[in-house]
Amino acid sequence: MGHVGSYVWELRQKVGSRQLLLPGAQVLVLRTDGAALLQRRTDNGLWELPAGACEPGQLCAGAAAAELFEETGIQADPDGLVALASLSDPKLHQLEYPNGDRVHAFALCFVLEGWDGTVTPEESEVEEIGFFPLTQIPAPAHPPTVEVLRLFELYRRTGVFQAR
């Protein structure tokens, strides 16, 4: 679902740009060679993971799969996504968008490993998209994305769900 007509869009019609507490999800897609999918946003030019807000009645994994498809064209079974971390640290995940809208995002972070296929970026949100080695993330990177990649490395090393 595009932004217009979404739950967040409906809320914004009522509350304007004031800060919203916003549940959402993001997906770290790893290609079979281990490279990570990142996209550069059209609104702020930052490189980040595919991500978005949950809609009413939607599971976080469902939101992750829906946002992944909307932004990249990648179809993923929500049951095939593995939750690796949650990110809600207000120092990292209070965001202000270029239009002045503010959110404190609470994201469940998923990984989709061993993916292979064609990516089709959604042109209104994604300026550029590509796969990058985890040690060579392009700049400027979105700080929450940098943190999720750090949490992924901890998750991969320990096998323990990470919370930040």
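**The largest pocket**

Reply: The largest pocket holds about 1100 Å³ of space, where a pocket is an open set of points on a 1 Å grid over the protein atoms alone at which a 1.4 Å probe fits, with protein on both sides within 12 Å along at least five of seven lines, and the volume is the space filled by probe spheres set on those points. This is a predicted model, and totals for linings use all residues, whereas local features need pLDDT of at least 70 and side-chain atom pairs count only at pLDDT 80 or more. Residues are numbered from 1 along each chain as its sequence is written, and side-chain values use heavy atoms, without hydrogens or water.

Around the largest pocket stand 46 lining residues, each with an atom within 4 Å of a point, and those nearest the centre are Arg-41, Ala-51, Gly-52, Ala-53 and Tyr-97. By type, the lining comprises 20 nonpolar, 14 polar and twelve charged residues, with Gly counted as polar.

Two or more lining residues come from each of the helices α1 (7–15), α2 (60–72) and α4, and from each of the strands β1 (20–31), β4 (51–53), β6 (94–96) and β7; helices here are DSSP runs (H or I) of at least four residues, and strands (E) of at least two.

Most peptide bonds are trans.
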